[in-house]
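Welcome! Please take a moment to look over the sequence and the model below before reading on.

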Amino acid sequence: MIEDNTSFASHTDELARAERAVELLAAQRCDRWYPRYHVAARAGWINDPNGLCFFKGRYHAYFQHHPYGVEWGPMHWGHVSSEDLVAWRHEPIALAPSMEAERDGCWSGSCVVGDDGRLYAFYTGHRWRTDPEDAASRREVQCLAVSDDGVRWEKRGVVVAGVEPLANFRDPKVWREGDLWCMVVGQQSAQRRGQVALYTSRDLLSWDYAGVVYEHPAPEVRMLECPDLFALGDKWVLCFSAMGMRPHGLVGRNRDNTGHLVG
């Protein structure tokens, strides 16, 4: 058994514990400030929508979620669903850290419907191997969970560990291209350059490294988060969030910037 795939707790128990924590926070919620239009968790931290998909008659939106407080913390996957993209229903928390590979968070990813009709969720497992203050001790890998209904999930563990151990290697986006499944992942190279890597698979389980699709030309850009690669007409579009870009006139004035390339 891969060491990263060993469990430190029951996933069922961790989900139940997270649900109880959200209930306690929701009981203290001030509804005067609670969103009435936008999707929001019942309580706790929320960011990064993930796994947007249509499955078995409902639209599903997952999101990074910290059920134990309103500050950023060990991430879970929250979940809402809808029949019409207007009225959304809160679903039980989908994923909670329970394996060594994801001890400190189930981070962002994407969902696809497999050839077997099941829903496949790919997400980043994040953990600190030793000291959380030491960035070099961080380890990120890509994990898989499978579901028959989009609500209850069976974890399959690490499916993409990277060509080498990486501290910044996250946000898998998976799609089908003909007979091949493809995955782009944001990563930081050994030279601290922001890159987007490509992996391919025939079965969604075994993945082959296909190389670096793109490296940002600015040396200060240390990481490319949340990549997406898709065809638009006869062109391909690559989207990402560039971390560390310096401002150039009116460009790049945010701390982290989202951009796209056409090729």
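This is a predicted model: local features need pLDDT of at least 70, side-chain atom pairs count only at pLDDT 80 or more; totals for chains, interfaces and linings use all residues.

Residue numbers count from 1 along the chain as its sequence is written.

## A covered strand: S3

Let us begin with strand S3, which spans residues 76–82. Seven of its seven residues are buried, so S3 is largely enclosed by the rest of the structure.

Strand S2 (residues 58–66) is joined to S3 by seven bridges, and the two run antiparallel. Within this pairing, His60 has Ser81 of S3 as its bridge partner. S3 and S4 form a hairpin with five residues between them, and Leu85 in the turn has a positive phi of about 70 degrees.

Strand S10 (residues 180–188) is joined to S11 by eight bridges and runs antiparallel to it. Met183 stands opposite Tyr199 of S11. The hairpin of S10 and S11 has five residues between the strands, and Arg192 takes a positive phi near 65 degrees there. S11 also pairs with S12 in the antiparallel sense, over seven bridges, with Val196 standing opposite Tyr214 in S12. These two strands form a hairpin with five residues between them, where Leu204 in the turn has a positive phi of about 70 degrees.

Is Asp208 buried or exposed? This residue, located in strand S12 (residues 207–215), has a relative accessible area of 51%, and because the cut-off for exposed is over 50%, Asp208 counts as exposed. Leaving out residues up to four places away in sequence, Asp208 touches Leu198, Tyr199 and Thr200. The C-alpha atoms of Asp208 and Leu198 are separated by 8.7 Å, with the two residues 10 apart along the chain.

## The open sheet of S13, S14 and S15

Next comes an open sheet of three strands in the order S13-S14-S15, with antiparallel pairing. Its edge strands are S13 and S15 (256–262), each of which pairs on one side only. From one strand to the next, the twist averages 15 degrees. As a general point, strands of a sheet pair through backbone hydrogen bonds, either parallel or antiparallel.

S13 (residues 223–232) and S14 (residues 235–243) pair over eight bridges, and Asp228 stands opposite Cys239 in S14. Their hairpin has two residues between the strands, and Gly233 in the turn has a positive phi of about 65 degrees. On the other pairing, seven bridges join S14 to S15, with Met243 opposite Asp256 in S15.

## Trp236 and its neighbours

Trp236 lies in strand S14 and is partly exposed, with a relative accessible area of 31%. Not counting residues up to four places away in sequence, Trp236 touches Trp175, Glu177, Leu229, Phe230, Ala231, Leu261, Val262 and Gly263. Trp236 and Gly263 are 27 residues apart in sequence, yet 5.3 Å apart in space, C-alpha to C-alpha.

## Cores and rings

How many residues does the largest nonpolar core have? The number is 18, and the residues with the most contacts inside this core are Tyr62, Trp77, Leu95, Cys111, Leu119, Tyr123 and Trp153. Strands S1 (45–55), S5 (106–113), S6 (119–128) and S7 (138–147) each supply at least two residues of this core. Apart from it lies another core of 17 residues, among them Leu144, Val146, Phe169 and Trp207.

Across the whole structure there are nine aromatic pairs, and ring pairs link Tyr62, Trp77, Tyr123 and Trp153 into a cluster. Charges meet rings too: the charged end of Arg29 sits over the ring of Tyr34, 3.8 Å from its centre. Arg103 lies over the face of Phe8, 4.1 Å from the ring centre.

Methods
Side-chain values use heavy atoms; hydrogens and water are left out. Rings of Phe, Tyr and Trp (its six-membered ring) pair if their centres lie within 6.5 Å; planes under 30 degrees apart count as stacked, over 60 as edge-to-face and the rest as tilted. A charge sits over a ring if NZ of Lys or CZ of Arg is within 6 Å of the ring centre and within 35 degrees of the ring normal. Two strands pair if DSSP finds at least two bridges between them. Helices (H or I, at least four residues) and strands (E, at least two) are DSSP runs, numbered from the N terminus. Buried means under 20% relative accessible area, exposed over 50%, partly exposed in between (1.4 Å probe, protein chains only). Contact means heavy atoms within 4.5 Å. A nonpolar core is a set of buried Ala, Val, Leu, Ile, Met, Phe, Trp, Tyr and Cys residues joined through side-chain atoms within 4.5 Å. Axes are lines fitted to C-alpha atoms, for helices over the stretch in contact, and angles run from 0 to 180 degrees between N-to-C directions.
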